[in-house]
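I opened my notebook to look through this structure one piece at a time. Here is what I looked up, in the order I looked.

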Amino acid sequence: MNQHNISDTSLMLSLTLVVIALLISQKEKLGMSKDIIWSVCRAIIQLVIVGFVLKSIFDINNSWLTVLMVLFICVNAAINARKRGRNIDNAFTISFVAILSGTVITLTILVLSGAIAFVPMQVIPISGMIAGNAMVAVGLCYSNLNQRFRDNHQRIMEMLSLGASVKLASGRIIADSIRTAMIPTVDAAKTVGLVSLPGMMSGLIFAGIDPLKAIKYQIMVTFMLIGTASLSTIIAVYLSYRRFYTARAQLKVMDGSLGE
Amino acid sequence: MDDALPLLDVKDVAFSVGDRQLLRPVSLQLHEGDCVLLTGPSGSGKSTLLKIIASLLTPTSGQLIFRNSDITTLKAEAYRQQVSYCFQTPQLFGQTVYDNLALPWQIRRQKPQQEKLVAHLESVNLSPDMLNKSIEQLSGGEKQRVGLLRNLQFMPQILLLDEVTSALDEENKLAVLSLINRIAAEEKVVVVRISHDVNDIQQAEQVLRLEPPEKENARESA
């Protein structure tokens with residue numbers, strides 16, 4: 001394998017790219033210089049910390065520490081997904097359960113099938129990819145639920161007025177929300193290799209691995225992302241749609257939904 | 001059972017959202033075969049009252065007693081199958097008229113009976129061919145009648161109608177009103193209907209007029 005080590009000097013020189021962005025911001029009066037500097041500083045600090053943490057965890061190679069790291073990733077993903085869960089009580093708990101379940105089920109299948117080994121060096125990066133994808137899917141799912149419950153207020157009330165259960169009245173919204181949340185993952189799978197060379201594959205090729213071997217990993221990643229996105233969104237939708245109703249199976253009052 | 005006992009007893013029901021009162025306290029007793037016309041200016045809470053009776057909204061204060069039981073103790077789905085609310089401008093489901101008329105059957109896990117669906121269509125001046133017509137091709141009046149027929153697939157004990165003839169021409173309005181009167185007389189269904197039509201108000205057996213909360217408040221303070 002051709003190991004490629006980036007030198008500190010090379011890294012410093014690549015900072016020129018940021019300087020270019022700063023110059024553009026100044027010249028075009030975008031007012032983004034502060035933001036760019038702040039984001040670059042944050043990225044450097046976060047990545048340095050993560051680098052040291054991962055190095056320690058990989059060196060210690062302890063199963064419990066690996067599990068703890070997976071939990072940490074899932075908690076952070078849930079905190080982020082929750083932000084899109086307005087109108088949804090306990091959005092954090094629902095997001096955590098959904099993302100953790102999707103991640104654990106997918107990891108278990110990958111480990112049991114022998115696709116990856118249960119070592120921190122493999123489990124942690126894969127967990128990050130899975131949980132990150134699940135986080136985006138669950139967040140999208142919440143946005144959709146909020147939008148569709150608002151747009152279809154009367155339609156749902158009509159179903160309820162005919163004696164339909166909350167589940168039946170929400171059926172269409174549940175299906176549409178899951179479908180919409182899955183679209184980015186499914187579309188990414190359709191264009192993988194044609195539009196972009198994804199992270200896992202690019203990383204391996206960059207590190208000198210034979211592209212024919214690298215694609216095997218990318219195929220595995222495609223499978224796991226589709227699996228996790230569907231698992232996490234289904235769990236999140238079914239745990240959250242009832243939050244739009246009261247205990248009396250009534251739609252919660254939203255702006256403009258009452259008529260006169 | 002005591003005959004004098006109302007089917008539904010609405011006791012001092014009011015509704016507010018935050019500080020804004022949408023319905024001032026209303027009391028109403030409904031007995032089998034009653035036909036009540038609900039009227040009042042815009043903003044008096046007519047639709048809100050019907051939604052509260054249909055248990056689509058919970059009143060801020062007051063109580064509803066259905067067949068001697070507080071409705072909060074009854075299963076919402078089962079109650080709504082007995083006390084059915086029809087919207088003024090119904091939103092239709094699925095692709096065709098059939099999809100809409102079949103929905104109440106699906107809710108009850110029953111197979112729709114074609115001959116009943118056709119008979120219902122004819123009862124409101126709609127052709128049997130209409131069954132497979134796309135909902136996109138329906139006029140406002142046709143949609144309103146299909147919406148009403150959804151509520152009549154399984155006869156409720158109380159039928160709540162929110163200006164269901166507002167989009168109909170005179171001929172179709174008469175057909176719908178005649179159907180409603182027949183249901184009330186033959187099936188002993190209680191009908192509570194919102195209308196602003198002067199003729200409807202003059203001909204109604206019972207009229208309940210609601211006042212807007214602000215107006216009521218102003219009158220009280222005057």
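I began with a hairpin: S4(B) and S5(B) form it with two residues between them, and Arg67(B) in the turn has a positive phi of about 50°. This is a predicted model, where local features need pLDDT of at least 70, side-chain atom pairs count only at pLDDT 80 or more, and totals for chains, interfaces and linings use all residues. Residues are numbered from 1 along each chain as its sequence is written, while chains are lettered from A and ligands numbered from 1 in the order in which they are written.

I checked the pairing next (at least two DSSP bridges between two strands; strands are DSSP runs of E, at least two residues, and helices runs of H or I, at least four, numbered from the N terminus). S4 (residues 61-66) of chain B meets S1 (residues 8-17) of chain B in the antiparallel sense over five bridges. Gln63(B) is the bridge partner of Lys11(B). S4(B) also runs antiparallel to S5 (residues 69-70) of chain B, with two bridges, and there Ile65(B) stands opposite Asp70(B).

Then I turned to Cys141(A). Leaving aside residues up to four places away in sequence, Cys141(A) touches Ser177(A), Ile178(A), Ala181(A), Thr233(A), Ala236(A) and Val237(A) (contact means C-beta atoms, placed from the backbone, within 7 Å).

Last, I looked at where the chains meet. Chain A brings 19 residues to the contact and chain B 28 residues. On the side of chain A, helix H7 (residues 153-161) gives the largest share, six residues.

Note on methods. Two residues are in contact if their C-beta atoms, placed from the backbone, lie within 7 Å.
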